[in-house]
Structure formats: structure tokens, C-alpha cells
Amino acid sequence: FQQEVNTTIQVTLNDSLHQLTGNIEIEYINNSEEVLDSIYMHLWANAYKDRNTAFAKQQLESGSRKFHYADENDRGNFSGLDFKVDGKQVPLSYYNDQIDIAVLALPLGLKPKEKVILKTPFTLKIPASFSRLGHVGTSYQMTQWFPKPAVYDQDGWHPMPYLNMGEFYSEFGSYDVSITLPDNYVVSSTGVLQNESEFKFLEERIQYTKDHAQDTIRDLSFPESSENYKTIRYKAEKVHDFAWFADKRFYVEKGEVVLSNGKYVDTYVFYTDTEKTMWQDALSYVNRAVEFYSEKVGNYPYPHATAVQSALSAGGGMEYPMITVIGAMGDPRSLDAVITHEVGHNWFYGILGFNERDHPWLDEGINSYYDHRYDQIYYTGNQNMGLPKM
């Protein structure tokens with residue numbers, strides 16, 4: 001069996017406070033044969049709250065003291081949580097005193113084939129960039145940013161703390177996400193954009209990118225935020241995570257790939273002046289990766305494949321359904337390698353949804369096999385190139 005989790009979120013970004021406020025509604029469908037008396041919830045943003053979390057301890061053990069000595073203003077966490085189950089308030093407790101794993105009691109139990117609706121408001125204080133979730137100035141990397149049920153499968157519950165080294169395991173379902181923020185932000189996200197006005201905004205940004213392709217001035221300053229706001233809505237089906245990235249400086253390029261089954265896949269890259277010259281070739285890397293994996297593994301199932309250049313303090317790149325974030329690479333071949341590797345995760349991390357915390361080789365190992373085959377085809381003569389992402 002496999003549980004189903006359908007999530008609706010409305011949030012507003014206050015970029016002067018680096019804060020999200022909003023509401024989440026989760027439809028949890030119990031496809032198991034067991035009556036559930038509770039639901040374990042991941043509150044992974046709480047990993048950035050203090051020095052006592054599993055993430056904080058792992059950072060020290062790995063030799064990094066950046067988070068340990070961070071200013072309190074740069075830490076992050078959830079607040080304002082007030083969970084209701086089918087409209088009735090329920091207490092929230094922490095699992096083994098870990099503040100990024102909660103337990104919600106189900107007083108009436110959840111029988112097989114029945115569903116329950118979980119709702120809560122929440123406020124997220126967005127941390128500085130210590131790992132995956134974070135911000136640098138007013139550039140935002142929104143990952144593991146909302147309360148999320150742990151997986152319940154044939155082995156029971158899988159509550160796991162957020163870790164910098166150690167990835168994830170999540171339930172599949174649909175997402176309906178609305179994000180309100182100043183209207184000069186450029187946003188890239190999991191899911192299919194629902195707003196015609198935002199499609200027009202992206203088209204204007206694509207034209208701006210073409211018009212400024214030859215500019216040589218490297219400007220990494222942050223523009224002032226608009227006083228006007230916009231609400232962008234995305235929908236995604238049959239995915240187990242949702243990530244988005246927002247930056248007022250993003251250049252945007254768009255392409256498409258036609259698969260062997262005739263399906264069209266939109267491809268995008270979003271990047272800043274950080275490594276602009278290299279990223280002007282990045283769309284071809286995304287296209288080539290989608291084509292390569294579709295031929296070798298199976299046709300890409302999602303409507304778009306997107307690579308975003310942004311801050312990342314947990315390796316060279318990190319994958320999410322339909323979208324991957326890439327840090328600074330330094331040279332074109334490394335950029336191609338990491339984009340290909342991260343796009344490749346859509347098949348193993350994305351489609352198959354392995355428990356990466358327990359069995360990382362199923363994702364990283366198989367994916368690395370294929371990206372090394374890619375490397376042999378396009379960079380003949382070096383079959384043992386190391387990858388900057390684990």
C-alpha cells in the first residue's frame with residue numbers, strides 16, 4: 001500500500017523580515033490496513049532553531065561551525081502552529097524531544113480507506129543559507145519549508161530529523177500552492193503555473209534575458225522590492241515534495257524537448273550574474289539530460305524540467321520534483337555534470353521515491369551510473385570524473 005497526501009498551501013512572503021506566513025491544509029488518505037491513532041509530522045525548518053537539533057549536531061561532527069556560532073537572527077523555525085484534525089484542535093508533541101518531528105494524536109483513529117483533514121496556520125522564519133532551506137539577502141531557496149507528514153509504509157512510521165548529509169522519504173500526492181510576494185520577484189517552482197499574468201511576466205523576463213545577453217557588467221546587488229504584490233499559483237500531481245526559488249535578479253531562458261512518445265516537456269533555466277556566461281549554455285544541458293535519461297531509463301513524466309542557479313550550502317546541487325538548484329560550479333563541464341546528475345534524480349528520487357535515508361545507493365548509486373554514461377558520451381576520455389554533489 002501507499003498513503004496519499006494532498007496538500008494546499010497559501011503563504012505570503014515578507015522579505016523585510018525574511019518570513020513566510022500562511023496556512024496549510026493536508027488531506028491524508030489511509031490506504032493501509034491499520035487503524036492509525038496518530039500521524040507523525042516533519043517540521044524540518046525547526047532544525048535551524050538552535051544548537052541542539054540533529055542538524056546542528058551533525059554540522060559540528062562534520063567540522064562545520066558556521067551554524068553553531070550563527071547569530072540568532074540568522075536561525076530559522078516554525079511558529080504559530082495550531083493543528084486541527086477535521087476541525088477539532090489536537091495537541092502537538094515532539095518525538096523523542098526532537099523539535100523537527102511532531103506527533104499529532106487522532107482521538108477517533110483513522111480507519112483503512114478513510115481520510116482526515118489536517119489544518120494549521122504557520123509562520124516560517126527563513127534562516128540564512130546553512131544547508132538547503134534559506135536565503136541570501138533577498139534571494140530565497142524554499143525547500144522543506146512546510147509541515148509534512150512522515151511516511152507510513154509496511155515497515156511502519158519513518159520519522160526522521162532534518163540532516164545536511166542525509167536526504168528524504170516522503171508520501172506522494174497533489175499540491176496546490178499559492179505564493180504572495182512583491183511583484184518584481186521572479187519565481188521558479190515545482191508544479192504547473194496557473195496564472196496567465198505570470199506567464200506574461202516570465203515572457204517579458206525571457207526577452208529581457210535576450211536583450212542583455214551581451215552585457216559584461218556583473219551586478220549581484222539586490223533591487224528594491226516592489227510595493228505592489230502578486231499571488232502566483234502552482235499545481236502539481238503525483239509528486240512527493242514541492243520547492244520554489246525566488247530572486248528579483250533572475251535571468252530566464254525557456255526551451256522544450258520532444259520525447260519519443262510525442263510528449264512535449266518545457267525546459268527552463270533561471271540564473272543570476274554569478275556565473276552568467278556559463279549559464280547561457282545551461283538550457284542545452286537541461287535539454288540533453290532530459291533526452292538522455294528519457295532514452296535510457298524511460299520517458300520524463302513531468303510537464304517541465306528546470307535548473308536554477310542559487311545559493312546552496314549542502315553540496316553542488318539538490319533535486320526536487322521538476323526542479324533542481326545548482327550552486328557555483330566554476331567551469332562549464334562541472335555545470336553540465338551537476339545539472340545532468342540533478343535532472344537525473346527526477347527518475348529515481350522523483351518517480352520511484354526511494355527511502356534515501358536508509359538506502360542512498362538506490363538513488364545516488366543508480367543515478368551516478370547513468371550520469372557517468374552521459375559523461376562518456378559527451379566528454380570522451382575521462383570516465384571517472386567525480387561529482388561535486390553527494
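Helices are DSSP runs of H or I with at least four residues and strands are runs of E with at least two, numbered from the N terminus. The model is predicted, so that local features need pLDDT of at least 70 and side-chain atom pairs count only at pLDDT 80 or more, whereas totals for chains, interfaces and linings use all residues. Residues are numbered from 1 along each chain as its sequence is written, and side-chain values use heavy atoms, with hydrogens and water left out.

A search of the whole structure finds 35 aromatic pairs, in which ring centres of Phe, Tyr and Trp (its six-membered ring) lie within 6.5 Å, with planes under 30 degrees apart taken as stacked, over 60 as edge-to-face and the rest as tilted. The rings of Tyr 208 and Tyr 251 are stacked, since their centres are 6.2 Å apart and their planes at 20 degrees. Because Tyr 208 belongs to helix 2 (residues 196-211) and Tyr 251 to strand 20 (residues 251-258), this pair ties together parts that are 43 residues apart in sequence. Tyr 251 is buried, at 6% relative accessible area, whereas Tyr 208 is partly exposed, at 33%.

Notes
Buried < 20%, exposed > 50% of the residue type's maximum accessible area, 1.4 Å probe, protein only.
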